[in-house]
Amino acid sequence: MDITTAPTDAPPPLSQPSPTEQKRAARGATRPGDRIFLGLSRGSGILLLVIMAAIAVFLTWRAALAISEDEGNFLTTFEWNTQAQPPVFGIAVLAFGTVVSSIIAMVIAVPIAVAIALFLTHYAPRKLSGPIAYVIDLLAAVPSIVYGLWGALILVPNLNGLYAWLDQYLGWTGILEWNGGAPRSMFTVGVLLAIMILPIITNVSREVFRQVPQMHEEAALALGATRWEVIRMAVIPFGRSGVISASMLGLGRALGETMAVATVLSPSFEIQASLLDPGGGTFAQNIASKFGEASEFGRDALIASGLVLFVITLLVNGAARAIIARRKEYSGANA
Amino acid sequence: MSHAVVTDKRPSSLRGAQLPKWSPWAIAAGSLAVAVGIGLAAGLHSRIQWGLIAALLFIAGTFGIAARVEGKRQAKDRVATSLVWVAFLIAVVPLVSLIWVTVQRGMKVLDGYFLTHSMGLVADSEPGGGIYHAILGSLEQVGLATVIAAPIGVLTAIYLVEYGRGNLARAVTFFVDVMTGIPSIVAGLFILSLMLIFDMQPFGFAGSLALAILMMPVVVRSTEEMLKLVPNELREASLALGVPKWRTILKVVLPTSIGGITTGIMLAVARIAGETAPVLLLVWGNPFINANPFEGAQASLPLYIYQQYANSAGSGAAYDRAWAASLTLIAFVMILNLLARGIARWKAPKTGR
């Protein structure tokens with residue numbers, strides 16, 4: 001069509017913008033209603049970006065105010081003394097506690113969550129797997145403060161026996177020694193966090209295991225593999241990256257959990273050699289428990305520690321999402 | 001020896017020897033009984049220990065018996081099966097315990113009086129008082145947060161699905177994902193930094209803003225999924241009739257997916273209703289009834305639970321109130337969840353399948 005009309009009517013420079021104009025007309029973006037609606041929806045998208053940027057900017061600003069006054073090294077000081085003149089505070093203990101409690105949570109939660117995901121996709125009777133998935137969702141719906149209350153009043157008293165065992169059989173490692181204090185330690189926090197991040201890891205892993213090509217599993221079965229061998233040779237290799245990103249999403253949750261840690265842990269500003277001894281702290285827990293009596297400067301210092309937490313969770317979540325996004329491209333799961 | 005016995009028994013079968021179907025149950029019951037026996041004999045008080053012994057016995061027993069009768073490969077398979085079952089039970093135990101304890105202890109003080117009175121003149125360590133002020137505060141804060149977050153979230157999702165191409169859309173998608181992972185306390189700190197700059201005292205609406213930040217990405221995600229389920233043919237049919245795109249979205253796309261969008265918003269509400277950390281930083285808590293979210297400290301249900309636990313120095317009356325408030329909160333969240341799922345099923349978009 002273009003070939004017949006071009007030589008007679010339209011000179012080349014005019015015909016160039018016309019496709020885009022036609023496209024715009026076809027999309028209807030010229031009508032006022034459309035323009036307003038597009039503006040509104042694009043505006044709210046931009047607003048989300050602005051909020052993210054504002055979080056980063058304002059936290060950094062207030063954090064800078066606090067850190068510039070800090071007499072100690074913000075990263076390595078083992079103290080949180082914002083009232084002193086000059087103030088001395090640092091995040092070493094908090095960073096250690098946050099990492100340790102999250103690692104314990106991951107060590108407990110990831111294998112169990114993967115097993116439950118396998119249970120739902122490959123083991124449970126079809127009739128059961130729906131209701132069970134719902135029960136797992138209920139675990140996710142329970143508010144974290146209720147977990148905290150349950151952890152502090154029910155879980156802690158019941159862990160005495162387990163602590164005695166760990167001390168008896170694994171005490172020689174040094175990190176699992178117990179001196180008989182109340183079990184309000186990093187280990188208990190890790191157990192509670194594990195329960196709380198179980199649902200998210202389970203749900204994402206389950207979605208990944210569902211996408212394993214039926215052909216791979218049937219091929220393995222046809223070769224005489226048992227169900228476990230099918231899982232080991234077909235399901236796990238396919239789902240590995242998905243499980244990793246699911247675990248990182250769970251890790252992001254564990255890092256930022258506040259109330260459950262604040263109720264269960266009995267905090268102190270020192271690093272305990274044994275995981276079973278009370279003491280230590282996490283970023284979020286420290287903010288919640290120190291906030292009440294903090295002066296304005298103290299709040300700025302807490303904001304500084306919150307900024308570190310923000311950056312860490314941003315990196316962990318970003319990495320998890322990047323892995324998921326890369327997966328989508330080659331698995332064909334985005335259809 | 002067992003091998004010989006087995007081949008004698010079933011000489012014509014091509015399959016190897018198999019344990020009967022009921023054997024996992026029998027092994028489970030056996031190991032449970034032995035674990036209880038060991039627990040009683042050794043005087044272990046903690047049920048957690050009993051459960052762990054039973055789980056270990058179950059797995060070891062399964063492997064031992066299956067390896068003897070069926071061979072090593074089958075034994076591994078059975079161990080994997082039993083491990084998976086044990087993992088599932090381990091996950092269910094805390095949930096059951098949590099719900100059981102909450103209901104049992106919460107029912108003690110939960111009654112009409114509890115729901116309609118505040119903590120105004122009641123000391124934290126004494127019995128009496130209620131959660132009226134906390135329910136009021138929670139409803140106002142969560143309601144305002146929803147009013148802010150739901151339209152922004154839905155519009156953003158519409159932008160991403162209906163218009164979004166290019167770098168802006170990609171950036172929004174990525175940051176919505178990242179925003180989902182923001183710890184609630186960081187959202188609280190962000191609003192707190194603004195309040196420090198403008199020298200403001202705690203008030204309910206500040207909490208709403210932080211909750212809205214937490215709610216937006218959840219709404220965007222779920223709405224996006226729902227809009228993607230709307231068949232393209234519907235859009236094309238409408239556009240082919242000359243209907244402008246914005247009216248197509250409002251009159252065709254949204255009505256088709258409204259059930260799913262509502263579900264997503266309700267689930268997001270259920271999620272933020274239980275958030276404590278931002279409320280702790282921004283709203284402070286208040287034993288008296290304050291119905292104005294724009295001025296003065298307010299209470300909120302999750303915050304009430306925390307303060308009853310933390311400020312009462314181990315008083316039984318305060319713990320009872322904390323459990324009763326937990327029961328109220330869980331009931332609220334669960335009802336929202338159930339309603340949301342009901343709506344999702346009732347109004348599911350017809351996808352031609």
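Helix α9 (residues 186-210) of chain A counts 25 residues and spans 35 Å from its first C-alpha to its last, close to the 36 Å expected at 1.5 Å a residue. Helices here (H or I, at least four residues) and strands (E, at least two) are DSSP runs, numbered from the N terminus, and the expected span of a helix is 1.5 Å times one less than its number of residues. This is a predicted model, in which local features need pLDDT of at least 70 and side-chain atom pairs count only at pLDDT 80 or more, while totals for chains, interfaces and linings use all residues. Residues are numbered from 1 along each chain as its sequence is written, and chains are lettered from A and ligands numbered from 1 in the order in which they are written.

**The α9 helices of chains A and B**

- In α9(A), a kink of about 40 degrees is placed at A:I197, shortly before the proline A:P199. The bend at a residue is the angle between axes fitted to the seven residues ending there and the seven starting there.
- Of the 25 residues of α9(A), 22 are buried, and the helix is mostly covered. A residue is buried if 20 or more other C-beta atoms lie within 10 Å of its own, exposed if 12 or fewer, and partly exposed in between, with C-beta atoms placed from the backbone.
- In chain B, helix α9 (residues 204-229) has 26 residues and reaches 37 Å between its first and last C-alpha, close to the 38 Å expected at 1.5 Å a residue.
- A bend of about 30 degrees occurs in α9(B) at B:M215, and the proline B:P217 follows within four residues.
- α9(B) is also mostly covered, with 22 of its 26 residues buried.

**Chain A as a whole**

- Chain A contains 14 helices and two strands.
- Of its 335 residues, 45% count as buried.
- Among contacts in chain A between residues at least 6 apart in sequence, 71% join residues at least 24 apart. Two residues are in contact if their C-beta atoms, placed from the backbone, lie within 7 Å.
- The domain assignment divides chain A into domain 1 (19-69) and domain 2 (88-331); such bounds come from an automatic or database domain assignment.
- The centres of the two domains of chain A, taken over C-alpha atoms, are 34 Å apart.
- Seven residues of domain 1 of chain A and eight residues of domain 2 of chain A form the contact.
- On the side of domain 1 of chain A that touches domain 2 of chain A, five residues are nonpolar, one is polar and one is charged. Ala, Val, Leu, Ile, Met, Phe, Trp, Tyr, Cys and Pro count as nonpolar, Asp, Glu, Lys and Arg as charged, and the others, Gly among them, as polar.

**Contact between the chains**

- Chain B brings 78 residues into contact with 73 residues of chain A.
- Helix α4 (residues 72-106) of chain B supplies the largest share of the side of chain B that touches chain A, namely 20 residues.
- That side of chain B comprises 56 nonpolar, 15 polar and seven charged residues.

**Local backbone features**

- Most residues other than glycine have a negative phi, and most peptide bonds are trans.
- The peptide bond between A:Q85 and A:P86 is cis, with omega about -5 degrees. A:P86 is placed in the loop between β1 (80-81) and β2 (88-89) of chain A.
- B:D199, in the loop between α8 (184-197) and α9 of chain B, has a positive phi, near 55 degrees. B:D199 is exposed because 7 other C-beta atoms lie within 10 Å.
- B:W284, in the loop between α12 (277-282) and α13 (301-310) of chain B, has a positive phi, near 75 degrees. B:W284 counts as buried because 22 C-beta neighbours lie inside 10 Å.

**Confidence in chain A**

- Chain A has an average pLDDT of 85, and 88% of the residues score at least 70. pLDDT is the predictor's confidence in each residue, from 0 to 100.
- Within chain A, confidence is lowest in helix α1 (residues 2-5), at a mean of 44, and highest in helix α5 (residues 92-123), at 93.
- The pLDDT is below 50 over residues 1-17 of chain A, a stretch with three contacts in the model beyond near neighbours in sequence.
- Over residues 330-335 of chain A the pLDDT stays under 50, and the model has four contacts beyond four places in sequence for them.
- Where pLDDT is low, the predicted coordinates should not be read in detail.
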